[in-house]
Amino acid sequence: MNATLVSTSERTFVLEALREGVRVDGRGTYEFRDLSITLGGGGFGSAEVLLGKTRVLANVSAEVVRPTAASPTEGAVLFNTSFSPMASPAFEPGRLSDEEVLISRMLEKAVRRSRAIDTEGLCIVAGEKVWSVRIDIHVLDHEGNILDCACIAAISALLHFRRPDVSVEGDQVTIHDMDERNPIPLSIHHIPICITFGFFDNGEKVLVDPTHLEEQVQDGDFIVVVNTHRELCTMSKAGGAGLDIARIVQCTEVAAAKAAEVTELIRGALSKPT
């Protein structure tokens, strides 16, 4: 990845503003940027999310495959990420960046490993046929905090997705056309939401939803994945400033409140006709 450099003046300006309790874009410490969710632009399972100026498109598709020997009664959930060079000069075409790998892994932890999707409900014939659900994440504009935006897009698309109905008679499996039978929604156990915190001044200053400029200045980040039941799905912190227990607890409390707000916005978008 070609790193986009931040000037010393920009760095100083951001840090001095934070020390006075002000963010460059005027938001509060724990305030998200404006969040917009558009569903159904590409049919069932399509979601475009705009978080500030960061824009991510998620598309969900499904196909019938043979299950693995280790999980003969479970379907598969796969993530694929695509970072367009048009989104940021930092993204190089045909080259997998560290950020892309991190986001793919975190989305997998947040959605698949937290058992948000009922994978057993994707089974058609045990040991023979299951649904494989694929979530394609396309980063269209990068202005910071891609992970949170991608997570919202992915879970929104999954909730909006409908798969074809299936009937099994003996050894015969029939996949019905969507015009013939009503399509079936996925069974979603809970809605995991990623909340990213940025740390400054060796962990003394903390904020939610960092912009691209703030990401370039921050000492490190801390990612909390939580649902509306206040259940902690996963956490991640790779290097950077150290955190004490009190700070971690504080972040998880803030994350739970923010996750509830985001979930309501997702449900509101789902309730609108598409």
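Start by selecting Asp136: at 12% relative accessibility it counts as buried, where buried means under 20% relative accessible area, exposed over 50% and partly exposed in between (1.4 Å probe, protein chains only). Before going on, know that this is a predicted model, in which local features need pLDDT of at least 70 and side-chain atom pairs count only at pLDDT 80 or more, while totals for chains, interfaces and linings use all residues. Residues are numbered from 1 along each chain as its sequence is written, and side-chain values use heavy atoms, with hydrogens and water left out.

**Salt bridges**

Arg134 is partly exposed, with a relative accessible area of 38%.

How many salt bridges are there in the whole structure? A search finds 18. For another one, pick Glu214 and Arg23, whose closest N and O atoms are 2.9 Å apart. Glu214 sits in helix H4 (residues 212-217) and Arg23 in the loop between helix H1 (8-19) and strand E1 (35-39), so this pair ties together parts that are 191 residues apart in sequence. Helices (H or I, at least four residues) and strands (E, at least two) are DSSP runs, numbered from the N terminus. Both Glu214 and Arg23 are buried. Now widen the selection to Arg23, Asp25, Arg27, Arg33, Asp209 and Glu214, which are linked in a network of salt bridges.

**Along helix H2**

Next, go to Glu108 and Arg112, a salt bridge with its closest N and O atoms 2.4 Å apart. They are four residues apart in helix H2, so about one helical turn separates them. Glu108 is partly exposed at 25% relative accessible area, and Arg112 is partly exposed at 33%.

Still in helix H2, click on Glu100. Is Glu100 buried or exposed? It is buried, with a relative accessible area of 8%. Leaving aside residues up to four places away in sequence, Glu100 touches Thr81, Ser82, Phe83 and Arg95; contact here means heavy atoms within 4.5 Å.

Arg115 has a positive phi of about 60° although it is not a glycine. Arg230, in the loop between strand E13 (220-226) and strand E14 (232-236), also has a positive phi, of about 65°.

**The nonpolar cores**

Which residues have the most contacts inside the largest nonpolar core? Select Leu107, Ile135, Ile137, Leu158, Ile193, Phe197 and Ile266; the core has 66 residues. A nonpolar core is a set of buried Ala, Val, Leu, Ile, Met, Phe, Trp, Tyr and Cys residues joined through side-chain atoms within 4.5 Å. Helix H3 (residues 146-160) supplies the largest share of this core, 12 residues. In soluble globular proteins, nonpolar side chains tend to be buried together.

Zoom in on Ile266: not counting residues up to four places away in sequence, it touches Ile37, Ile152, Ile155, Ser156, Leu159 and Ile193. Then jump to a second, separate core of seven residues, among them Val6, Val14, Leu15 and Phe200.

How values were computed
A salt bridge is a side-chain nitrogen of Lys or Arg within 4 Å of a carboxyl oxygen of Asp or Glu.
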